[in-house]
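Here are my notes on the model you sent. They are set out as numbered points.

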Amino acid sequence: MEGNYTTPLARWARILEIFIPCYMFGKSWGIADKKTFELFRAMFPTFLIDGADYLKKLIHTDNTNIERLVATVAGAIIGFLVVALLAVVMHIVLRDRKYIDSLRFTSVTLIPIAVLNGTLSHAIKTLVESLSTQAPDALYASTVSSSRGTVAINVLFYLTAMWMMSRRTGVTRSRRWGVIAVGVGFIVLYLALGLMISPNEWQVLLPKLQQALATH
Amino acid sequence: MNITKQRFINIHKYALGPALLLYVVGIFGTKVLQIGILFAMGAGFFNLLHQKYFFGRLKLAAHIWLIPTVIGIFTYPLLMEKEPSGQNAFYCVLTLIISLVPFFLLITGTTEEKPSKKERLKIISARIVVQILVFIIYAVTTAYSFIYGTNVALFFWGMFHVFTVAIFPFLFGRVLCGWLCPNATLQDGLFKNLTYTRPITKLPRAIEEQSHSSAMYISGEIDKNAPYFPFTLLIAWFPMFFTETVFDLTGVLLYPVIFMYGLYFGSLLMPWRKMCTHFCWLSSYRGLGAQGSLWRIRFNKSKCKNCKMCQAEEACPFFIDIRNQDNEMPATCCLCFSCMEACPFEGVITFRRAPEEKARLKAAGKAV
């Protein structure tokens with residue numbers, strides 16, 4: 001059976017399965033600009049946004065599109081590092097494959113969270129665009145609160161994708177629960193470090209946002 | 001009247017000639033788009049390009065000619081409102097003649113040649129109705145957003161939504177690819193039976209080989225080394241996401257429209273559904289959760305007579321050779337039930353596993 005997987009494109013598919021979800025996962029952290037930086041730091045884990053920002057500052061350009069390209073690549077690098085780290089834990093739980101396959105597994109199962117990141121960064125963009133036209137409470141309700149449903153559904157899919165993918169690749173039932181536990185641990189940590197903006201945090205964040213918009 | 005193949009072609013040619021002429025003269029004469037005649041040309045070309053399919057299905061071909069008739073009747077008051085003139089009434093009457101003559105000839109005609117397929121399954125009729133309805137909704141929302149400049153391309157984004165691409169496949173497999181995708185509808189309705197030679201008749205061997213080297217395509221057990229998705233599907237993702245992010249296209253109306261039209265035109269270059277199988281990245285994304293979905297078809301191998309009527313390149317849009325499956329469908333199955341209809345025997349491809357099949361699997365030590 002293994003011989004079937006050694007076609008030239010199958011090898012390349014395995015490589016892409018690592019990099020594409022990592023790119024999708026991390027790109028949102030890199031696209032924070034001067035206007036949205038504070039909001040991104042509140043919505044996502046702060047150190048990830050700061051890390052991507054550090055990488056972005058290494059290359060200076062005046063072209064907007066190249067700037068966005070650099071920004072997404074910077075975010076993707078941070079994304080790759082996060083996935084590589086999570087894959088170490090997953091590798092210990094899975095135990096039946098090489099690290100590179102554990103990394104691939106972790107990367108593919110993270111696609112729903114990558115979609116979640118993309119959706120939230122789009123929500124941030126929409127929020128900033130309507131900051132001058134809507135009341136702060138309405139803004140909070142329309143973007144931060146309403147995105148919680150999206151978070152819930154993406155998390156649900158993340159966990160089911162993990163279960164299905166591990167079942168598909170022959171992981172025993174007991175280890176599958178271990179895989180889910182890693183997923184739950186990761187998602188709890190990820191949510192605790194960002195995503196859940198409380199009304200109090202929002203009160204602190206709003207003046208900063210308005211100031212950033214007035215300046216830039 | 002006995003409609004021979006040549007007579008079938010002639011009816012359409014004689015209808016198409018005046019339609020083409022009237023369309024050109026009509027535009028210059030009335031300065032308005034004669035939409036009824038435009039659709040008459042569409043009906044003529046459609047039937048001619050699908051002559052292999054329609055010959056033997058004369059009543060179905062006749063009904064295609066009802067489209068320009070209805071459109072002609074409905075657009076006539078609008079034309080009169082815009083440009084009240086006797087000329088428009090003249091063109092409306094001619095549209096009706098051009099479309100009703102072939103209709104009556106085909107609906108009353110008889111032919112000795114019959115299509116070899118068995119009677120249409122109810123589930124396939126239901127699928128066709130759903131496909132048409134969803135396509136109309138898609139076309140209307142896209143047209144609306146173009147006319148009013150609003151972003152009602154939400155239908156398109158809905159297809160990307162985590163529920164439709166992720167949760168839905170757990171329950172209904174890749175029903176989205178078989179029942180709801182507008183590109184799939186176009187391919188099934190317009191492109192499948194087209195008689196012209198595609199510019200790309202055969203894809204490189206390396207691309208075709210993917211269909212037995214990734215978890216999405218393999219129905220049985222796989223190991224940890226197998227790639228989850230085919231390479232070409234993965235690489236098709238990248239330009240989409242990259243362009244979207246770098247050029248900040250999220251929420252921009254043109255972006256999904258270009259994407260969908262790109263798929264339509266790309267699909268015309270290759271054999272039926274090859275675009276979905278190897279290049280639509282949404283197609284692969286749905287495959288993530290579709291393996292072993294709750295709603296799926298069952299292949300009762302013990303009842304199969306090996307007549308090969310269901311063979312991959314003929315019946316299945318995703319080129320699954322059902323005879324190679326051991327009662328498990330791969331994630332690529334889009335539940336179109338074409339294989340079920342293609343099979344001339346009862347009880348081979350079903351919704352429920354047959355008792356004999358259960359016994360066979362039990363004896364082979366496989367999960368029942």
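1. In sequence order, chain A of this predicted model reads α-α-α-α-α-α-α-α-α-α. The count for chain A is ten helices and zero strands.

2. Chain A has 216 residues, and 42% of them are buried. Among the contacts in chain A with a separation of 6 or more, 73% join residues 24 or more positions apart.

3. H5(A) deserves a separate entry. This helix is mostly covered, with nine of its eleven residues buried. The buried residues are A:Asp101, A:Ser102, A:Leu103, A:Arg104, A:Phe105, A:Thr106, A:Ser107, A:Val108 and A:Thr109. A residue is called buried here if 20 or more other C-beta atoms lie within 10 Å of its own. The cover over the buried residues of H5(A) includes H1, H4, H6 and H8 of chain A.

4. On the pairing of the chains, 38 residues of chain A are in contact with 38 residues of chain B. Five elements of chain A give two or more residues each to the side that touches chain B: helix H1 (8–30), helix H4 (64–94), helix H5 (99–109), helix H6 (111–129) and helix H8 (147–168). Of these, H1(A) gives the most, with eleven residues.

5. What is the make-up of the side of chain A that touches chain B, in nonpolar, polar and charged residues? That side divides into 20 nonpolar residues, nine polar and nine charged.

Methods. Residues numbered from 1 in each chain as written. Chains lettered and ligands numbered in written order. Predicted model: local features only at pLDDT ≥ 70, side-chain atom pairs only at ≥ 80, totals over all residues. Contact = placed C-beta atoms within 7 Å. Helix = DSSP H or I, 4+ residues; strand = E, 2+ residues; numbered from the N terminus. Nonpolar A, V, L, I, M, F, W, Y, C, P; charged D, E, K, R; others polar. Buried ≥ 20, exposed ≤ 12 C-beta atoms within 10 Å, placed from the backbone.
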